[in-house]
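Here's a quick briefing to read with the model open next to you.

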Amino acid sequence: MQFHFITRTNEHLFQPELEQFFRARHAVYADELGWVQPSPDGLEYDQFDTGAAAYLVVMDGDEFVAGSRLVPTHLPHLLSEVFPDSCTLLPMPRDPLVVEWTRGFVVAHRREGGGLVLKAQCCAAVMEYCLANGYRQVGGIQDAKWLAIWKRMGWTVHIHGEAINIGGEAWLPAYFDVTETALAGARRFGRLSGPVLNANQAEAA
């Protein structure tokens, strides 16, 4: 499995992978979940797919299998623009050192047994990237079903508001501290023995 973080500085090296990411995102968020309108080109973009976004793209050889997006919270992001009243318990983060983590998914045929190992590996990649770039928290609208798993990973979870009903499921505005302990816990769940990102991709230019 190959884990890549793609930003505007290296996207020219990953055009086929990025296209697979946006096409698979359309299959999940438009076709499967119906959260967004179908696009004629079969690619799913929104207003937060800007030059400031960083994309986790997970490949198995030439096959895309999972991905997600990070956006710094001092810029417009999903929580601030779509759910502006969601943070009823703690203030909404608006900080360049806090990043929103959204549009996470695994392609349908790689979700065997819930895909927990692969998801944990994605969590490890995100923590690795955030540590390398000096971020102190990562989060956003998160699936409430994962609350127990985050805690089992040893993650410190900050719940910023009450649950939001999205598509009949409970989602929480929640952020996690970026720590070596959190990274180690995700690696343990993901059955990883070390880093998954190379040094050049771990640090955003």
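What volume does the largest pocket have? It comes out at about 1100 Å³. Keep in mind that this is a predicted model.

**The largest pocket**

- A total of 36 residues line the largest pocket.
- If you want to find the middle, look for Tyr-29, Gly-104, Phe-105, Asp-143 and Trp-171, which lie nearest its centre.
- Helices H1 (15-32), H2 (78-82) and H3 each give two or more residues to the lining, and so do strands S3 (63-72), S4 (98-106), S5 (137-143) and S8 (169-177).
- S4 gives the most to this lining, with six residues.
- Sorted by class, the lining has 20 nonpolar residues, plus eight polar and eight charged ones.

**Helices H3 and H5**

- The axes of H3 (residues 116-132) and H5 (residues 180-189) come within 7 Å of each other and cross at roughly 155°.
- That angle is over 145 degrees, so H3 counts as roughly antiparallel to H5.
- The H3 and H5 crossing is left-handed.
- On the H3 side, the contact is made by Leu-116, Val-117, Ala-120, Cys-123, Ala-124, Met-127, Glu-128 and Leu-131.
- On the H5 side, Glu-180, Ala-182, Leu-183, Ala-186, Arg-187 and Phe-189 make the contact.
- By class, the contact of H3 with H5 has eleven nonpolar residues and three charged ones, with no polar residues.

Key
Residues numbered from 1 in each chain as written. Predicted model: local features only at pLDDT ≥ 70, side-chain atom pairs only at ≥ 80, totals over all residues. Heavy atoms only, no water. Axes fitted to C-alpha atoms, helices over the stretch in contact; angles between N-to-C directions. Helix = DSSP H or I, 4+ residues; strand = E, 2+ residues; numbered from the N terminus. Parallel < 35°, antiparallel > 145°, perpendicular 65-115°, else oblique. Left-handed = near helix turned anticlockwise from the far one by under 90°. Contact = heavy atoms within 4.5 Å. Nonpolar A, V, L, I, M, F, W, Y, C, P; charged D, E, K, R; others polar. 1 Å grid on protein atoms, 1.4 Å probe; cavity = no way out; pocket = protein on both sides within 12 Å on 5 of 7 lines; lining within 4 Å. Points joined across faces, edges and corners; volume = space filled by probe spheres on them.
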